[in-house]
Amino acid sequence: MSHTTKKRLTVGISGASGSVLALELLKSLKEMPEWETHLVISKGGVRTLEHETHVTESQLTDYATRVYDREDVGANIASGTFVTEGMVIVPCSMKTVAGVCHGYSDNLLLRAADVTIKERRKLVMIARETPLSPIHLRNMLSLAESGVVVMPPMLTYYNHPQSIADATNHIVGKILHEFGIEGKNFKRWGTDECVTPLRALS
Ligand SMILES: Cc1cc2nc3c(=O)[nH]c(=O)nc-3n(C[C@H](O)[C@H](O)[C@H](O)COP(=O)(O)O)c2cc1C
């Protein structure tokens, strides 16, 4: 049994492009008092975060309930006895895809993902690379066959995004949906809100 009434989500940030997706996800969850976020960022994740955003590693404590040292493979989230609703790796590099696929848990992010799978909890991987090699595709197929939700951060046009913020918000909404959470301004197909077609780009 959990010792908290709050729902916990483990969040891993690895070194693929798209670290803003993690920041927006964490910001959304921070507004939900019933959720706690337990964050670990890989070395590659720090490099991309600091390249792509104005947020530094030390500022991540403003975004998550708790931030863990990636080398601390004995932290809470490394154990199945620490109850969570699951884990999301956002964005997820092909190196981290390979590590999770092969159970090669040499940092806390990989260990937490391994634990999520062994405990039969939901693991969502926002796997990002393009183009994808046969190695990447084979690893992702193997993960999907183990019950992992492999969700590349694909652009979506049917909801008429007007900006990168809209496109980002849609992917964050898809991640939240996996954990039964309705994202703010998430436009679902079949609602009347999608009424502004994209302007021609040229
Ligand atoms: C700016 C930048 C962008 C990168 N984007 C990607 C990417 O989209 N996908 C990917 O698999 N690797 C990408 N990489 C390479 C990974 O960061 C690198 O393979 C790293 O070792 C991954 O380690 P990690 O999974 O432990 O974070 C990128 C690296 C940099 C510096």
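**Entry 1: Thr 48**

I began with Thr 48, which is buried at a relative accessible area of 15%; I take buried as under 20%, exposed as over 50% and partly exposed as in between, using a 1.4 Å probe and protein chains only. Thr 48 is placed in helix H2. I take helices (H or I, at least four residues) and strands (E, at least two) as DSSP runs, numbered from the N terminus. A polar atom of the Thr 48 side chain lies 3.2 Å from the backbone oxygen of Gly 45. I count a polar contact as a pair of N or O atoms within 3.5 Å; within protein, one must be able to donate a hydrogen and the other to accept it, and residues adjacent in sequence count only if both atoms are side-chain atoms.

**Entry 2: basis of the values**

I note that this is a predicted model, in which local features need pLDDT of at least 70 and side-chain atom pairs count only at pLDDT 80 or more, while totals for chains, interfaces and linings use all residues. Residues are numbered from 1 along each chain as its sequence is written, and side-chain values use heavy atoms, with hydrogens and water left out.

**Entry 3: the sheet**

I then traced the strand order. The six strands form an open sheet in the order E3-E2-E1-E4-E5-E6, with parallel pairing. The edge strands are E3 and E6 (149-150), each of which pairs on one side only. I call two strands paired if DSSP finds at least two bridges between them.

E1 (residues 7-13) runs parallel to E2 and is joined to it by seven bridges. Thr 10 has His 38 as its bridge partner in E2. Between E1 and E2 the chain passes through helix H1 (residues 19-30), and this β-α-β crossover is right-handed. I use right-handed for a crossover whose path from the first strand over the helix to the second runs clockwise, with the strands pointing away from the viewer.

On to E3 (residues 66-68): E2 pairs with this strand in the parallel sense over three bridges. His 38 has Arg 66 as its bridge partner in E3, and Leu 39 has Val 67.

**Entry 4: burial of strand E2**

I asked how many residues of E2 (residues 35-41) are buried. Seven of the seven are, so the strand is largely enclosed by the rest of the structure. In a regular strand the side chains alternate between the two faces of the sheet. Both faces of E2 are covered, with Trp 35, Thr 37, Leu 39 and Ile 41 buried on one side and Glu 36, His 38 and Val 40 buried on the other.

**Entry 5: loops on either side of E3**

I looked up Val 55 in the loop between H2 and E3. Val 55 is buried, at 10% relative accessible area. From Val 55 to Lys 43 the C-alpha to C-alpha distance is 15 Å, for 12 residues in sequence.

Arg 70 sits in the loop between E3 and strand E4 (86-92). Is Arg 70 buried or exposed? With 16% relative accessibility, Arg 70 counts as buried. A polar atom of its side chain lies 3.0 Å from the backbone oxygen of Ile 41. The Arg 70 side chain also makes a polar contact of 3.1 Å with the side chain of Glu 57.

Ligand oxygen atoms lie 2.5 Å from a side-chain N or O atom of Ser 42 and 2.5 Å from one of Ser 93. Taken alone the ligand exposes 640 Å², of which the protein buries 71%; the areas come from the Shrake-Rupley method with a 1.4 Å probe, and for residues only the protein chains shown count as cover.

**Entry 6: backbone geometry**

Most residues other than glycine have a negative phi, and most peptide bonds are trans. I found a cis peptide bond between Val 90 and Pro 91, with omega about -10°; Pro 91 is in strand E4. Another cis peptide bond joins Thr 130 and Pro 131, with omega about -5°.

Arg 120, not a glycine, has a positive phi of about 60°. Arg 120 is exposed, at 74% relative accessible area.
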